[in-house]
Amino acid sequence: MSREPERSAGLPAALVPLAGLALAFLLLPVLGLVVRAPWRSMPEVLSRPDVADALRLSLLCASLASVVCVVLGVPLAWLLARATFRGRSLLRALVTVPLVLPPVVGGVALFTALGRTGIVGRWLDQWFGITLPFTTAGVVVAEAFVAMPFLVISVEGALRGVDRRFEDAAATLGATRWYTFRRVTLPIVAPGVVAGAVLSWARALGEFGATITFAGNFPGTTRTMPVEVYLALQRDPAAAIALSLVLLVVSVGVLAVLRERWLGSRV
Amino acid sequence: MSEDAAPNGASLEADLYVRRGSFALTMRFGVAAGEVVAILGPNGAGKSTALRALAGLLPLHRGHVRLDGAVLDDAAAGVRLPPERRPVGLVFQDYLLFPHLSARENVAFGLRARGVGRAAAGARADVALAGVGLADVGDRKPRQLSGGEAQRVALARVLVTEPRLVLLDEPLAALDAGSRLQVRADLRRQLAGFGGATVLVTHDALDAFVLADRLVVLEEGAVVQAGTPTEVARRPRTDYVARLVGLNLYRGVAHGTSVTLDTGAVVASAHHATGRVLVAFPPAAVTVHREQPHGSARNAWPVTVVRQEQHADTVRVWLTGPLDVAADLTPLSVGELRLEPGAEVWAAVKAMETMVYPS
Amino acid sequence: MTRVVLLGTALVLLLSGGISCGGGPSDSSRPGSSANSSVLSGTVTVLAAASLTETFMALGEHFQREHPATRLQFSFAASSELASQIVNGAPADVFAAASSSTMHQVVVAGAVAGKPAVFARNRLQIAVPVDNPGDVTRLADFARRELAIALCAPEVPCGAAAVRALESAGIIPSVDTLEPDVKSALTKVELGEVDAALVYRTDVQAAGGRVTGIDFPQAVEAVNNYPIAVLADAPNPAAGRAFVALVTSSAGRRLLADAGFQQP
């Protein structure tokens with residue numbers, strides 16, 4: 001409680017202008033969107049059914065993608081943070097590949113793995129009749145591919161910060177490793193998991209390159225908001241700005257509510 | 001005396017050999033059911049290593065651990081029961097209460113991990129909390145507890161699982177001086193009610209003397225002395241123990257009632273002995289004089305005052321001469337003798353006050 | 001606000017119209033740009049539709065030989081993307097679009113000097129993977145539901161052309177994806193992820209043997225015009241005009257024809 005004022009008083013003055021500059025740098029483009037937005041035609045743009053479809057699809061896919069990221073990413077983060085094996089640092093570097101890969105290349109890479117003729121996709125098709133490209137599931141796959149590193153890095157960092165003696169304490173109290181992981185480690189790193197999930201959700205929501213390459217673009221099944229914005233840009237840049245603002249408002253709104261929920265009870 | 005400090009019919013029987021880098025711990029000892037043994041030693045002596053090995057958190061390189069006849073560790077046979085399957089509870093130095101759980105949930109943790117239902121575990125946790133005098137803190141998070149309360153919650157968390165062996169790592173080190181006294185007294189009472197074996201690790205002699213039935217003194221990974229607090233205090237075998245218990249300790253060779261110390265000084269004693277011995281006497285037995293004393297004190301040495309420390313109602317004066325001596329005097333006599341660093345005086349000890357025992 | 005923008009656009013249009021009236025005839029009446037080649041220098045920036053990549057690169061070499069003091073700089077992308085770059089003030093000398101409507105956007109914004117000239121036409125072809133797993137032979141196959149079909153999105157020129165062709169044939173396609181540009185539609189055919197796509201003939205030709213092209217009669221309904229123009233804010237208008245002249249010259253037409261384009 002008494003820590004807050006103390007901390008702000010200790011802020012070095014030299015950081016303030018730089019922080020202000022960073023804030024301006026981040027917010028000016030958003031301000032540009034707001035200023036240039038065609039406010040008069042906004043109701044018309046928003047009432048278009050394809051926009052509602054795209055928005056709904058975007059929120060659904062980004063949420064599913066972040067669920068996939070959490071379910072698969074947390075164990076991977078645990079492996080990277082805790083297991084000791086040869087090539088771990090190489091593996092850690094490889095995990096960040098989707099971050100440096102241009103998203104379109106990521107989409108092509110997904111084809112080679114999970115496409116109709118891909119290494120794994122071929123068998124998915126033959127054995128289960130599952131084809132991922134050009135489906136909503138494909139959108140989730142593409143978004144999760146691009147967003148997973150955010151979760152893994154965030155959770156791995158949190159896991160490294162955990163005092164491992166908590167796990168020792170749990171073991172001496174009779175808890176198995178699995179019980180300890182669920183009831184001790186995971187709750188302690190929960191803020192890191194939430195932060196990572198939010199980051200990956202935001203990344204998935206804005207994902208364009210890998211999605212349009214791997215999942216394509218079809219209204220109602222694979223056309224997410226970023227694709228909608230991109231196509232609108234071809235035809236009517238003003239409408240593209242309107243759509244971007246919609247995506248922006250919705251995502252900022254969701255993040256603000258999440259923050260309230262999660263951090264409101266914590267601080 | 002051998003390093004084997006195991007009494008007959010011990011509940012815990014430990015023969016530990018643990019290597020960690022260049023450090024090696026070698027330790028054999030036992031603890032009877034209901035008995036409290038303190039492992040006393042300076043920092044880095046291997047005390048915590050011993051506890052972690054007993055808890056199963058560190059593997060033994062050699063040796064074994066048996067508890068109530070059941071094998072927990074047997075390095076030769078390749079047996080190593082994992083920590084969660086040992087009936088052993090460990091209270092960590094900084095307690096390590098799980099920060100996301102309330103005090104009640106912390107105490108219930110071990111029961112829940114063993115499959116006890118939420119309600120039943122919560123009820124037993126409440127009983128355990130009441131048992132350590134904390135019936136009303138169940139809903140608090142660890143960060144809302146005082147140091148003493150956290151210590152008791154940690155103890156309740158271990159005791160509720162009904163272990164056969166309780167390990168306490170520096171149970172009072174994290175507390176401020178004010179709460180130490182009370183917590184130490186509480187801890188003593190709670191351990192007295194516990195039927196299993198208890199091993200506590202401390203570097204604080206007072207904790208060890210108050211809480212333990214027997215002491216095992218560990219230095220540089222090896223047992224240097226073991227026995228009841230009284231035995232250890234009376235007859236320290238190393239400078240560390242002597243300093244700890246506040247005794248003047250010397251090594252020398254005895255001829256009858258006279259001991260020639262390794263430094264050359266001669267100490268007269270009331271007991272006959274021969275061969276290499278240790279000589280000890282308490283600082284309170286030392287008297288200080290301006291002139292060479294005459295009378296019943298057979299031991300008198302010309303010494304120089306090095307420094308002095310004010311204690312509660314005595315002043316400890318450090319003297320050097322043919323031998324180094326600590327003396328406890330009243331403030332009045334310090335004033336009368338006009339003692340100050342550099343002052344040249346005589347130190348005397350009655351032969352009756354000295355203890356001589358084989359080294 | 002919309003009204004203000006429109007008014008501004010009208011003004012710019014008027015102004016640029018005036019300039020083009022003055023400079024237009026002299027431009028078109030000066031095909032022999034070699035006459036003043038010695039005075040041309042500096043950088044020439046050409047923004048061109050992605051489908052022109054190979055042809056314009058070849059023309060560029062030709063141009064550099066004729067005007068060694070200049071430095072030619074290309075930017076190839078979807079026409080509509082380039083159009084919005086120009087409208088937003090990208091510094092360039094020449095714009096070559098894959099459709100008249102895209103060029104029209106730039107003209108309306110007042111960013112073009114003079115009247116755009118159509119220098120080539122392109123028509124659609126069915127592209128299928130080399131092994132043709134869907135056994136596609138004609139446009140009607142695009143209605144087969146079991147096939148994976150890619151078209152360009154209607155927002156981009158190749159998509160608009162595809163809509164025209166399919167409508168004229170009365171075929172309702174079973175589309176799986178609407179690609180943002182023709183190259184990404186072609187890529188999906190190359191990767192074998194779709195059984196067929198409608199792309200430009202030139203794209204099939206540029207892909208070499210990696211995809212198979214199938215002509216279809218309705219393609220004549222969906223011919224795209226490729227207009228080219230010097231931009232109003234061109235930093236190097238003289239060199240820009242020289243490049244346009246080269247594209248519309250007989251040498252330029254020959255190269256375009258080799259790439260599969262048709263004469264305008």
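Visitor: Where does A:L245 sit in chain A?
Guide: In this predicted model, A:L245 belongs to helix α15 of chain A, the helix that covers residues 237–264.

Visitor: And is A:L245 buried or exposed?
Guide: A:L245 is buried, because its relative accessible area comes to 5%, which falls under the 20% cut-off for that class.

Visitor: What does A:L245 touch, not counting residues up to four places away in sequence?
Guide: With those set aside, A:L245 touches A:L33, A:V34, A:A37, A:W39 and A:M42.

Visitor: How far is A:L245 from A:L28, going by C-alpha atoms?
Guide: The separation between the C-alpha atoms of A:L245 and A:L28 is 14 Å, for two residues that stand 217 residues apart along the chain.

Visitor: Which residues form the nonpolar patch on the surface?
Guide: The patch is formed by A:L23, A:F25, A:L26 and A:L27, which together have about 470 Å² of accessible area; of these, A:L27 is placed in helix α2 of chain A, residues 15–36.

Visitor: Switching to helix α10 of chain A, how many of its residues are buried?
Guide: Seven of the eight residues in α10, which runs over 165–172, are buried, and the helix is accordingly mostly covered. The buried ones are A:F166, A:E167, A:D168, A:A169, A:A170, A:A171 and A:T172.

Visitor: What do those buried residues pack against?
Guide: They pack against elements of two chains: α4 (49–82) and α11 (177–188) in chain A, and α1 (47–55), β7 (88–91), α2 (103–113) and α4 (147–159) in chain B.

Visitor: What happens just after α10(A)?
Guide: There A:G174 adopts a positive phi of about 100 degrees.

Visitor: What about the largest nonpolar core?
Guide: The largest core contains 89 residues, and B:L16, B:M27 and B:F29 are the members with the most contacts inside it. Another core, of 79 residues, lies apart from that one and has A:F134, A:V227, C:F56 and C:V230 among its members. As background, nonpolar side chains in soluble globular proteins tend to be buried together.

Visitor: On to chain C: how many helices and strands are there?
Guide: Chain C has nine helices and nine strands, and 48% of its 264 residues are buried.

Visitor: What share of its contacts joins residues at least 24 apart?
Guide: Among the contacts in chain C between residues at least 6 apart in sequence, the share is 78%.

Visitor: Where is C:A120, and why call it buried?
Guide: C:A120 lies in strand β4 of chain C, residues 112–129, and C:A120 counts as buried because its relative accessible area is 0%.

Visitor: What is C:A120 in contact with?
Guide: Leaving aside neighbours within four places in sequence, C:A120 is in contact with C:N224, C:N225, C:Y226, C:L256, C:F261, C:Q262 and C:P264. As for C:G260, which is 140 residues away from C:A120 along the chain, the C-alpha atoms of the two are 9.9 Å apart.

Visitor: How much area do chain C and chain A bury between them?
Guide: The two chains bury about 2000 Å² between them, 51% of it on carbon and sulfur atoms, and 23 residues of chain C are in contact with 20 residues of chain A.

Visitor: How many salt bridges are there between chain C and chain A?
Guide: The count is one, and a salt bridge joins the side chains of A:R116 and C:D195, with an N to O distance of 2.8 Å.

Definitions and conventions. Residues are numbered from 1 along each chain as its sequence is written. Chains are lettered from A and ligands numbered from 1 in the order in which they are written. This is a predicted model: local features need pLDDT of at least 70, side-chain atom pairs count only at pLDDT 80 or more; totals for chains, interfaces and linings use all residues. Side-chain values use heavy atoms; hydrogens and water are left out. Patches are made of residues with over 30% relative accessible area and no salt bridge: like charges are joined within 9 Å, nonpolar side chains (Val, Leu, Ile, Met, Phe, Trp, Tyr) within 5 Å. Accessible areas come from the Shrake-Rupley method with a 1.4 Å probe; for residues, only the protein chains shown count as cover. A salt bridge is a side-chain nitrogen of Lys or Arg within 4 Å of a carboxyl oxygen of Asp or Glu. Helices (H or I, at least four residues) and strands (E, at least two) are DSSP runs, numbered from the N terminus. Buried means under 20% relative accessible area, exposed over 50%, partly exposed in between (1.4 Å probe, protein chains only). Contact means heavy atoms within 4.5 Å. A nonpolar core is a set of buried Ala, Val, Leu, Ile, Met, Phe, Trp, Tyr and Cys residues joined through side-chain atoms within 4.5 Å. Buried area is the accessible area (1.4 Å probe) that two parts lose on being put together, summed over both.
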